[in-house]
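Morning, everyone. I have one structure to go through today, so please look at the screen.

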Amino acid sequence: MSGRAKVIVVGNEKGGAGKSTVSTHVAVALLHEGARVGVVDLDLRQRSTDHFFANRLAWTKAQGVDLPHPDVLDARDEAELSKALAADVHFIIVDTPGADTLLSRVAHQAADLVVTPMNDSFVDFDMLGVVDPLSLTVVKPSLYAEAVWEAKKQAAVVRRESMDWVVLRNRLASSEPRNRKRVDERIATLARRVGFRPVAGLRDRVIYRELFPFGLTVSDLSAKVRPVPVSFAHVSARQELRTLLQDMDLVSAPAEA
Ligand SMILES: Nc1ncnc2c1ncn2[C@@H]1O[C@H](COP(=O)(O)OP(=O)(O)O)[C@@H](O)[C@H]1O
Ligand SMILES: [Mg+2]
């Protein structure tokens with residue numbers, strides 16, 4: 001392979017927003033597209049993504065099933081991170097901790113695409129922007145939003161490349177249309193101010209968490225790979241992931257039948 005891998009950094013400075021869920025699901029979906037994928041877990045405390053792929057190796061080995069695996073790349077310091085980012089793959093997915101760390105910053109500055117999942121509520125909105133408590137208007141971008149904006153400028157000036165930033169709502173519940181609409185409006189305002197693209201998100205679904213111990217995602221399920229009973233809801237989950245990949249400009253083909 002030649003050419004630099006596309007670096008996808010999954011970040012925000014809040015724990016529990018869905019960074020590791022998005023990292024593992026996007027990585028596995030890309031593997032099933034036939035891509036070579038490298039993963040870097042910068043959350044050295046939780047190591048959810050590393051654990052997920054270790055589970056995947058153990059499970060596939062124990063079951064004797066053949067599934068694609070990514071290159072799991074270590075990055076405990078800056079030198080290891082630059083080496084990882086130069087890996088000979090199509091995509092590198094970097095999962096980051098819910099805190100501002102040096103390595104996370106370096107990764108953001110090397111990103112071609114930053115993906116920010118956020119929980120569907122005003123509580124998590126402040127990770128992107130400060131909202132006036134009375135009028136609920138957007139007062140200013142958050143520190144994280146400013147950091148990504150800086151990384152974006154750097155990409156343009158230093159690397160002469162454009163960096164894309166998408167924000168997706170995670171754990172969407174169908175029961176809160178009013179809150180959702182208000183969050184939607186604020187996100188649209190902030191998107192214009194700080195330059196990200198809001199994309200359709202992921203619903204809250206059991207299937208996004210119950211396969212973790214096997215190191216599998218809904219994209220892996222088949223007649224041979226079925227550690228949980230397969231239901232119709234899984235088709236919707238796959239479709240939702242497919243849409244996410246398309247919105248992230250990672251695949252262009254029309255949705256699977
Ligand atoms: N769309 C979703 N549906 C159901 N559970 C989810 C979803 N997204 C995340 N979770 C669960 O929420 C928790 C936090 O998600 P995680 O991806 O670990 O967040 P982060 O990496 O940002 O800290 C985990 O238990 C995960 O399984
Ligand atoms: Mg995580």
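Strand 6 and strand 7 make a hairpin, and six residues separate them. In that turn sits Leu 136, with a positive phi of about 60 degrees. Before I go on, note that this is a predicted model. The two strands, residues 129-131 and residues 138-141, pair in the antiparallel sense over three bridges. As one example of the pairing, Val 131 has Val 138 of strand 7 as its bridge partner.

Back to that phi value. Most residues other than glycine have a negative phi. Where else does a positive value turn up in a residue other than glycine? Arg 160 has a phi near 55 degrees, and Asp 249 has one near 60 degrees. Arg 160 lies in the loop between helix 6 and strand 8. Arg 160 is exposed, because there are 7 other C-beta atoms within 10 Å, and the limit for exposed is 12 or fewer. Asp 249 comes in the segment after helix 9. Asp 249 has 14 C-beta neighbours inside 10 Å, so Asp 249 counts as partly exposed.

Next, helix 7. Helix 7 covers residues 177-194, which is 18 residues. From its first C-alpha to its last, helix 7 reaches 25 Å, close to the 26 Å expected at 1.5 Å a residue. Which residues of helix 7 are buried? They are Val 183, Leu 190 and Val 194.

Last, the ligand. How many residues are around ligand 1? There are 16, and Lys 19, Ser 20, Thr 21, Tyr 208 and Arg 209 come nearest. Helix 1 and helix 8 are the elements that give two or more residues to this shell. The largest share, three residues, is from helix 1. By class, the shell has eight polar, five charged and three nonpolar residues.

That is the end of my part.

Note on methods: Residues are numbered from 1 along each chain as its sequence is written. Chains are lettered from A and ligands numbered from 1 in the order in which they are written. This is a predicted model: local features need pLDDT of at least 70, side-chain atom pairs count only at pLDDT 80 or more; totals for chains, interfaces and linings use all residues. A residue is near a molecule or strand if its C-beta atom, placed from the backbone, lies within 6 Å of it. Helices (H or I, at least four residues) and strands (E, at least two) are DSSP runs, numbered from the N terminus. Ala, Val, Leu, Ile, Met, Phe, Trp, Tyr, Cys and Pro count as nonpolar, Asp, Glu, Lys and Arg as charged, and the others, Gly among them, as polar. A residue is buried if 20 or more other C-beta atoms lie within 10 Å of its own, exposed if 12 or fewer, and partly exposed in between; C-beta atoms are placed from the backbone. Two strands pair if DSSP finds at least two bridges between them. The expected span of a helix is 1.5 Å times one less than its number of residues.
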